[in-house]
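Open the model in a viewer with selection by residue number. The stops below follow one another by selection.

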Amino acid sequence: MTINLKFGALSLALVTTSAYASFAVVGANGGDGDAWEQYVAADAFNQSVRLDMGNSYGSGGLFSRETFTFQGEEYIKLCFATADHVVRNKTLNDITFAGASAPVTLSPAGWFTQVHLGGYDGNDDLAFVGMRAKRSDLSAATLTFLDNLAPLALATPDTSDVTNYGFGTSANYTRDGNNDIDGFFWRPNFEDFAVSRGYTNHRWVNSDVTAVENFAYSIYNFEAIKWNVSNATTFGGINQGDSGGVIRQNGKFVGVNSFNQYVEGSDLQGLYRIYQLGSQQGGNAFTQDNIDWLGDHCAELEAVPEPGTIAALVGLSLAAAAKRRKR
């Protein structure tokens, strides 16, 4: 068996084209949990969504839903925040809400969609995803569902505890010599033999925040919410598929899941990762600049003309850049 420690034991939730972040938690009945036995969000928390990029998955959060009139047409727009590494260099296939009784999926093919990367400073693990469609092009059922959504208010975080949401896959527990849980174990692609175990459950975990401070890794440098999972109400931490998911604090949307810590190794069955309970894990904390950045792009979505008006799009982009420089 060969063990390779990642630099500083710290890694982004995304380390390969399919390695995102997700929760490993105790079983649904309170006992030790296998990978498919997980806590599922008790309510239809539809502000938390799953993002499908075809060959990879991530999560996100809805912070705005509005109806507006543009050039005589009535539109509905939806604005989401997610992690930069979830959508960078990928094509968004669809966005799925948990739904009250069944999932509700929106395909960008029927919407005008925009993605902006990097957050306010350009190197945050934060991205904006916006969707806009004519109300007349949508079914009555879809409109009823969307019109009843109550978007999350954006806020900057403090050091009180948070709840993390996501749609990732999960892991099995590792135990020490006393049969006590000392971490959790994940093997890439283990969910392939059971589709129901991968990227389908809407889960949450409550985490004890230890700090909100700067974090730098690879191309990213941002204010991070750090938490300790050893005292979490439900054991676990972000892993694969929960990247970009909602970090909720005092009812407000204060950041997105971003990175975690693990030890990586390989055995006869291939690659695996062990996440230690008590290790620092965290997400991208919203700063006021990033809240303004998300809001600016959401507002721009109302003024963008229908696809094909390239000159207008370029002018809008330059105006937005000038506005950000001025601020």
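Select Arg-248 and Phe-253: Arg-248 stands opposite Phe-253, which belongs to strand 15. Strands here are DSSP runs of E with at least two residues, helices are runs of H or I with at least four, and both are numbered from the N terminus. This is a predicted model, in which local features need pLDDT of at least 70 and side-chain atom pairs count only at pLDDT 80 or more, while totals for chains, interfaces and linings use all residues. Residues are numbered from 1 along each chain as its sequence is written, and side-chain values use heavy atoms, with hydrogens and water left out.

Of its 16 residues, 12 are buried, meaning under 20% relative accessible area with a 1.4 Å probe and protein chains only (exposed is over 50%, partly exposed in between).

Pick Asp-267 to find its bridge partner, Gly-270 in strand 16. Strand 17 (residues 280–285) also runs antiparallel to strand 15, joined by four bridges; there Gly-282 is the partner of Phe-259.

Go on to helix 3 (residues 288–303). Its 16 residues reach 23 Å from first C-alpha to last, close to the 22 Å expected at 1.5 Å a residue, a span taken as 1.5 Å times one less than the number of residues. Buried residues in helix 3 include Asn-290, Trp-293, Asp-296, His-297 and Glu-300.

Next, select Leu-51, Leu-78, Phe-80, Ile-95, Phe-97, Trp-111 and Leu-146, which touch the most other members of the largest nonpolar core, a set of 25 residues. Such a core consists of buried Ala, Val, Leu, Ile, Met, Phe, Trp, Tyr and Cys residues joined through side-chain atoms within 4.5 Å. Strand 8 (127–134) and helix 2 (140–147) are among the elements giving two or more residues to this core; strand 8 gives the most, with four.

Centre on Trp-111. Leaving aside neighbours within four places in sequence, its contacts (heavy atoms within 4.5 Å) include Ile-76, Leu-106, Met-131, Arg-132 and Leu-138. Apart from this core lies another, of 20 residues, among them Phe-63, Leu-126, Phe-286 and Trp-293.

Technical notes. Pairing = 2+ DSSP bridges.
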